[in-house]
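Let's take a walk through this structure together, one piece at a time. Keep the picture open as you read.

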There are 2 protein chains.
Amino acid sequence: MARAWEERQVTEARQLATVALMDAAERLLYEAGYAGVTTRAVAEAAGVNHGLVHYYFGSMEELLTQTLQRFVDQLAEALEALYADPTLTFAEKWRLGAQFWVDEPTSRFPKILLELLAMGWNMPALRARLTEVHARFRGIFEHHFGQALRDYGLDQDEFPLKVIVGAVTSFQLGLIVEGLSSVHENHQELLDWIQRWIDGLEAHRQPRAPDG
Amino acid sequence: MARAWEERQVTEARQLATVALMDAAERLLYEAGYAGVTTRAVAEAAGVNHGLVHYYFGSMEELLTQTLQRFVDQLAEALEALYADPTLTFAEKWRLGAQFWVDEPTSRFPKILLELLAMGWNMPALRARLTEVHARFRGIFEHHFGQALRDYGLDQDEFPLKVIVGAVTSFQLGLIVEGLSSVHENHQELLDWIQRWIDGLEAHRQPRAPDG
DNA sequence: CAATGTATTATACGCTCGACTAACCGGTCA
DNA sequence: TGACCGGTTAGTCGAGCGTATAATACATTG
């Protein structure tokens with residue numbers, strides 16, 4: 001038989017509570033890790049009755065799934081917006097990309113993202129979604145880094161796009177994991193070194209079209 | 001008042017059960033994640049009464065702490081043994097280092113390590129230990145990679161040791177995290193690219209002393 | 001063999017979990 | 001007015017948790 005909550009019309013109050021619950025789930029992921037995201041904790045943090053979690057979402061897993069979806073959409077949009085900005089050079093975009101994980105209001109994203117990833121390690125259904133998410137982000141990087149490689153006139157044999165993208169995604173993830181473990185040694189040196197390399201490429205860039 | 005279990009002499013049976021419990025804790029970390037490591041689950045997996053967890057270790061946290069200690073000691077020894085082997089070139093060591101996470105019997109290490117790290121994100125006491133652990137591993141890398149840089153005659157300004165070590169630790173961690181999320185794209189290309197680079201350095205190595 | 005003290009087991013306690021549901025509340029419409 | 005109904009609340013359920021302790025098995029000693 002059909003579950004009533006699935007087809008019921010969405011009232012404004014319900015919309016507010018739903019958003020509050022997902023906000024609370026993110027906050028608890030950040031503050032306590034995924035083990036701290038329980039029905040009652042999430043309801044209390046959202047200021048709603050704990051029965052509503054089941055009433056609105058059907059299960060805890062569904063709440064988490066929708067929270068994940070909303071979170072990665074937000075993340076992808078921010079990333080797309082950054083790299084799509086035509087007023088910035090690639091070097092500037094890279095610099096802002098590094099800042100992204102540190103500056104407000106997105107400084108909580110690393111913890112939330114990694115908690116979601118860690119959940120996925122032991123929940124095949126969630127992991128499958130996260131694998132898709134990763135592909136989506138990889139696609140963004142591939143597109144914009146491929147463009148940058150061409151703009152910089154880099155030899156595609158010497159610096160294959162796959163290698164660049166693989167290095168960027170994995171080492172960024174690694175930096176985040178180390179940061180969450182209170183490990184920061186060598187990070188600034190590494191980031192500065194990469195920035196200098198990219199700035200150097202930018203300085204010797206093949207001019208394509210005159211701008212400004 | 002003094003807790004009896006702290007000062008009691010260790011019998012052989014107790015030693016066996018203690019090891020079995022830590023083995024079981026590692027296995028559960030691998031199979032179910034840290035949320036699956038409960039008193040009863042760990043005791044059942046070890047084939048001992050669940051009361052013994054408290055009797056032997058005093059608390060669940062202490063069992064986990066000792067399991068962490070044993071695990072990282074094992075990991076550090078394996079890594080030290082690999083890099084200390086005088087019959088191998090650095091390029092060969094690097095190749096074996098990459099295989100280490102994939103081959104038996106150490107292929108379960110990445111999951112166990114990352115589960116422990118994830119636990120630490122929300123347990124300050126554990127995180128502090130993990131920060132130390134990371135420093136220990138970073139020290140190993142610094143020593144052997146510094147040696148390799150000198151052997152290869154690489155310019156220390158162009159490739160600072162801190163940058164190399166920072167890149168190696170973070171990108172390895174990132175590869176592991178991606179692997180746990182069923183993401184493998186670009187990994188082989190990246191690893192092959194690095195291996196070719198190191199092999200190239202090895203081929204043009206400054207001879208120091210004749211060997212073999 | 002009996003007595004003793006420790007190692008181990010079985011059970012109990014107080015608590016929280018996710019899931020579920022009966023009861024209630026306030027607005028709507030006959 | 002009063003029956004109705006969806007949204008919300010409060011409370012229950014069985015399970016499992018970490019911890020603690022009573023009860024038992026067992027080895028050792030006299």
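Follow chain A along its sequence and the pattern reads α-α-α-α-α-α-α-α-α-α. That comes to 10 helices and zero strands; here helices (H or I, at least four residues) and strands (E, at least two) are DSSP runs, numbered from the N terminus. Before going on, keep in mind that this is a predicted model, where local features need pLDDT of at least 70 and side-chain atom pairs count only at pLDDT 80 or more, while totals for chains, interfaces and linings use all residues. Residues are numbered from 1 along each chain as its sequence is written, and chains are lettered from A and ligands numbered from 1 in the order in which they are written.

Now look at where the two protein chains meet. Here 38 residues of chain A are in contact with 38 residues of chain B, with contact meaning that two C-beta atoms, placed from the backbone, lie within 7 Å. On chain A's side, H7 (109-121), H8 (124-152), H9 (161-180) and H10 (187-203) each supply at least two residues. H9(A) gives the most, with 15 residues. By class, this side of chain A has 18 nonpolar, 14 polar and six charged residues; Ala, Val, Leu, Ile, Met, Phe, Trp, Tyr, Cys and Pro count as nonpolar, Asp, Glu, Lys and Arg as charged, and the others, Gly among them, as polar.

Next, hop over to DNA strand D. Two or more residues each come from H2 (12-32) and H4 (51-57) of chain A, and from H3 (39-46) and H4 (51-57) of chain B. This surface has six nonpolar, 10 polar and three charged residues.

Finally, zoom in on chain B, where H2 (12-32) and H7 (109-121) pack at an angle of about 90°, with their axes 8 Å apart. H2(B) and H7(B) are therefore roughly perpendicular, a label for angles of 65 to 115 degrees. Axes are lines fitted to C-alpha atoms, for helices over the stretch in contact, and angles run from 0 to 180 degrees between N-to-C directions. Glu26(B), Leu29(B) and Tyr30(B) of H2(B) meet Lys111(B), Ile112(B), Glu115(B) and Leu116(B) of H7(B).

Key
Parallel < 35°, antiparallel > 145°, perpendicular 65-115°, else oblique.
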